[in-house]
There are 2 protein chains.
Amino acid sequence: MDLSPAEVRYQCRQGTFHFPTPGIASGFLQANLVILPKKMAFDFLVFCTRNPKPCPLLDVTEVGNPEPEIVASGADLRTDLPRYHIFRHGELQQEVADISHIWQDDFVGFLVGCSFSFEAALMDAGIPVRHLQEGKNVPMYKTNIACKTAGDFSAPMVVSMRPLSPSDVIRAVQITSRFSKAHGTPIHFGSPEEIGITNLDAPDFGEAVTIAEGEIPVFWACGVTTQIAILQAKPEIAITHAPGYMFVTDVKDDYFTW
Amino acid sequence: MDLSPAEVRYQCRQGTFHFPTPGIASGFLQANLVILPKKMAFDFLVFCTRNPKPCPLLDVTEVGNPEPEIVASGADLRTDLPRYHIFRHGELQQEVADISHIWQDDFVGFLVGCSFSFEAALMDAGIPVRHLQEGKNVPMYKTNIACKTAGDFSAPMVVSMRPLSPSDVIRAVQITSRFSKAHGTPIHFGSPEEIGITNLDAPDFGEAVTIAEGEIPVFWACGVTTQIAILQAKPEIAITHAPGYMFVTDVKDDYFTW
């Protein structure tokens, strides 16, 4: 049986949920997590504001408060994700299941929308989602599209890819239009070279998937862009979710649509 | 002949454009302006992020730089609006046509979407926009809907009102759905009392308009909310546009739609 968002978060807190979250708590928005000290928070918030396709903001916590009140009242960003990455000076140092021991009074938490959120809607419309069919993590690629910079934060846009038939591309554009806080419409389809991707079989993150005869690769902006921005800004400390192990919110997929 | 956005801004800079901007440079996004010192900027940015219906962010400038590069490359926020309000410690002190003399190196400029931007689309669809028909500023009201607070920033949501027939209400919901950066869909229609408005003939800002037999008052979130938030936060200094005298951007009304 599918878990509710609160159940997923409770199991994470208890230390009994260790899994990637695609397909979990179907119909609810999932989120990328970024935690930064207050002194870096303004520039990062401007970075997200300037790059809403890869970095659609769902919630920003009060300084020092680990509760994302808007999208998951009562939740705790220190314990309620299955897996975290700890970066120091722009280098990944540790993968952990709980960050309570290193939480600081000046930490600000950012939750950024995730494309997993529209996959249920694609499947409901009869559109195959290849990486789910093949039991894999979605393939993600760095592109040659530069995000707009803000202070020390800059990054090439990272995209996720799903192969679709032409008629499904059209329907997928319609459907994902409704999910503006989950990256919205694709940013490109067809030739990967045009956006600087040389080999679809070698994704920078996640796993390659089968592209069938007649299918077109379709590219959506991806929240992993935020992690590249952190690598480049090299903050003293930054904490993110581990890719694929997202924060599950209490708000429905299309909550932010208007 | 209708002016282009660049022409409007040039005439403001030359001191020859002194008019309210509704209906000017039709088809281009207009924006509310808020300028704050850097030390207040993070909290204000969080306030906008938490309240995207009244405060849809179009652009945030680099600290000390008066150019809004995303929505109007080459423009200058110090000179390119027809009229400014200067607030000190939360009190309106002065109305001026140029703020070059008080610009500070730590100023951050915020541009927030404006409902004037969707009025051209309503009129194109044959929907009457009463305050334009009557040559008035749009009527705006404080409501009993509390915005989400952020640091020292809090405010009741301010709304603008347009009276429409039931069939036009339906069509207006469809049309304004496309303008998520210009307040998007209405937040209420019908009984004003339900959102704390006791007298439609006495708006808190702008001017009252005629409501014909059978018409329904329809309420959209309004960027003037940001000015209330400034009154309440009482920053040492803050500068905004004068209500109705907006910044005209180079981006089309539906640029931010996806």
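By what turn and what shift along the axis can chain A be laid on chain B? In this predicted model, a turn of 180° and a shift of 0.0 Å along the axis place chain A on chain B with an RMSD of 0.0 Å, the copies being superposed by least squares on the C-alpha atoms of residues with pLDDT of at least 70 in both. The two copies are therefore related as by a two-fold rotation axis. In chain A, the C-alpha nearest the axis belongs to A:Phe42, at 2.6 Å from it. The same surface serves both copies, since 100% of the contact residues of chain A recur in chain B.

Residues are numbered from 1 along each chain as its sequence is written, and chains are lettered from A in the order in which they are written. The model being predicted, local features need pLDDT of at least 70 and side-chain atom pairs count only at pLDDT 80 or more, while totals for chains, interfaces and linings use all residues; side-chain values use heavy atoms, with hydrogens and water left out.

The contact (heavy atoms within 4.5 Å) draws 25 residues from chain A and 25 residues from chain B. Between them the chains bury about 2,100 Å², of which 70% is on carbon and sulfur atoms; buried area is the accessible area (1.4 Å probe) that two parts lose on being put together, summed over both. Two salt bridges are counted between chain A and chain B, a salt bridge being a side-chain nitrogen of Lys or Arg within 4 Å of a carboxyl oxygen of Asp or Glu. One of the residue pairs joined by a salt bridge is A:Glu62 with B:Arg50, at 2.6 Å from N to O.

On the side of chain A that touches chain B, α2 (38-50) and β2 (57-60) each supply at least two residues; helices (H or I, at least four residues) and strands (E, at least two) are DSSP runs, numbered from the N terminus. The largest share of this side, seven residues, comes from α2(A).

Within chain B, B:Gln30 lies in strand β1 (residues 28-37). B:Gln30 counts as buried because its relative accessibility is 3%, where buried means under 20% relative accessible area, exposed over 50% and partly exposed in between (1.4 Å probe, protein chains only). The side chain of B:Gln30 reaches the backbone oxygen of B:Ile24 at 3.1 Å. Not counting residues up to four places away in sequence, B:Gln30 touches residues including B:Thr21, B:Leu58, B:Phe116 and B:Met246.

Notes
Polar contact = N/O pair within 3.5 Å; in protein donor to acceptor, adjacent residues only side chain to side chain.
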